[in-house]
Amino acid sequence: MKKLLVIAGAFILLLAVSLYTLLFTSPGNGIVAPLIASKIKEKTSLPAVLETFELTMSTFTITLQLSENNRIETSGNYSLFTRQLDAAYRVRFDALSELQPLTQQPLQGKLGADGSVVGTAAQLRITGSSDIAQSETTYDIELLELAPAKVIATVKQLQLPALLQMAGQSAYAKGVVNADIQLDDLDPQHLEGFAHITLANGVINRATMQKAFNITLPKTTFKTQLQVKLAAKDVDYTLDFASNLARITSHGTVAPQTLASDIAYDLAIKELALFKPLTNAPLRGPLNLNGTLKGDKTSMLLKGKSDIAKSSTTLEVIVKELRPHAVTLEGKGLRLGSLLYMLEQPRYADAHIDLSVNLSDARAETLKGTVTSTISRGNADAKVIAKAFDLKNVPKITFNGTSTTVLKKRTLTSQVDLKSSLATLVLKDAKVDLAKEVTTSDYTLTLPDLERLYFLTERHLKGAITLTGDLRKDEHLLLNAHSDLLDGRIDARLLDKKLHADFASIETLKALRMLTYPEVFASSLEGKLDYDLESKKGRLDAQLHNGRFTQNEMIDLVRQFGNYNLYNERFESTLISRIHKEQTSSDLDMVAGNATIKGKDIRLNTQTRRIDAKLDVVANRNPLGVRLRGDVNAPQVDVDATKLIEKEAGKLIEKEVGKFLKGLF
């Protein structure tokens, strides 16, 4: 038994000596250090090097190089028996960007800290100072059982540009932050403490804002004060952000655990563009909003009043489980011009808009509600429209309208009635499928005076037209149109940029009148048009039935030279026109009982309205050449009677030769 005890004692002694040698001697430290360094590398994903690892029974010195330019040094005394620690530390992070594998954030700049750690695991005190963001920061942290129990921190002269740089942001602004923080109890059940934070001498960096967000701001200064008081489960706060462009104030009480809130807020923003780095939204201009927020995380009621776009607008949002549940909004007198400006759009027009939104369920998956709007006193800005769309001679345009939209889950169904001095548009069943990203609609478009559209068509037109049809917009645009026009019918189909139209029973006199061309030919036209809106190229194939000429100079000259009245003829005709932008080249073939008219490569410029046509006319077997040149409304008409003269001369010679032969015999 004695031998067994001796062996056990020897083994324990040997183990103790081995552990002591391994842990508390230089040779042992040399063995342990690589193992610790390897573990640090594994946990931090950094090329860490344990430069110094010296551990004795009562002292230690450690130098850890986390990366090339970031290191931590610590040394001090400790007691294994009392678990007492008295150590100093020194942190020098000269390249925070190298720590991204550990921080998971793209940090920049430098950070240094010095201080001490004194106490036991049951009660530990960390004190020190830091130059974070070029500040003079001191802190005193008390830990109980290694959990934060009390914090005191003082921040002086923290530089906002350095803080933004540290967070990987551009120096959008400069300013100086000072803070006094004292947290006497961090237990969520009975919080106690306060925080006073101020930002002074704030100035927006206009050049950086212009470069980053294409925003031109006036000189902008700002300051901020935030006071927070912790009392039991509640946090009382007062916030005041003051700027020459905005003023934001808020005060109230929030319970962090339940989010039970009783908050009042007031926003007076002179320039929304100032907040673009935060909102990432294309907004600008002024906005005033004030209201309250009451409730807890199970149910909150947000109320607000605003003068957005010069309106009188009220808002109520019921929030359940931190998600909007129901929304009611009433906007009276919204100004379209101000709204376009706010959305960074050209001020195409101004109008008064009354808007009503009632969403009984605002959740995307079960969306339900209605949106109605009324537009009145609408006036388009001709100069802005002309510049934006490269148009000329834009007329004065007035408009008004109404719309009603029903929202049900992922589908929006609308009815729209829009009337303007140019057109009337009615949509009875417009649908937007948000899930499939598909829009479909019927439509009726009435254009009471086509001449008013000259700024778009760049050609003079007369009369009126009503189009009915439907459209579908998904990856492509498909538009179908129908019109009972010119005593006939037009059916058209537009697929993206490709237009196809079928014509039936079109009265050509009325068509010529609509196109403001001379009304020289009456017939019934049928045919088809294929046209590419992008290349502006196309082709028209048409047949003209039972055609007759009306009084015109060409037919009068044919009658004079050909000694035949074409006005009495009825023609069946074929017309093939090739279209290239404003130029058309046509082939014409007209056939009647005793006449034909043929033309190849008849040139017409629809913009300058000039024609160049060579026609071969045969009237009662009498051939004539006709040339039309110049203004289509009054072209120069030249008749070439050479073939007719040759024919008549041949007849005369034949007659005289016959007489001569009879005289001989």
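Two strands count as paired if DSSP finds at least two bridges between them. Helices (H or I, at least four residues) and strands (E, at least two) are DSSP runs, numbered from the N terminus. What you're looking at is a predicted model, where local features need pLDDT of at least 70, side-chain atom pairs count only at pLDDT 80 or more, and totals for chains, interfaces and linings use all residues. Residues are numbered from 1 along each chain as its sequence is written, and side-chain values use heavy atoms, with hydrogens and water left out.

**View A. Strand 25 between two partners.** Start with strand 24 (residues 438-447) and strand 25 (residues 465-473): they run antiparallel and are joined by nine bridges. Here Ser441 sits opposite Leu471 of strand 25. Now hop to strand 26 (residues 477-483), also antiparallel to strand 25 and linked to it by six bridges. On this side, Leu471 faces Leu479 of strand 26. Strands 25 and 26 make a hairpin, with three residues between them.

**View B. The two ends of helix 5.** Helix 5 covers residues 206-213, and Asn205 caps its N-terminal end. Look for a side-chain oxygen of Asn205, 3.3 Å from the backbone nitrogen of Ala207; a polar contact is a pair of N or O atoms within 3.5 Å, and within protein one must be able to donate a hydrogen and the other to accept it, while residues adjacent in sequence count only if both atoms are side-chain atoms. After the helix comes Asn214, with a positive phi near 55°.

**View C. Thr508 in helix 10.** Thr508 belongs to helix 10 (residues 508-514). Thr508 has a relative accessible area of 7%, so it counts as buried (under 20%; exposed is over 50%, partly exposed in between, with a 1.4 Å probe and protein chains only). Skipping neighbours within four places in sequence, Thr508 is in contact with Phe521, Ala522, Ser523, Leu525 and Leu544 (contact means heavy atoms within 4.5 Å).
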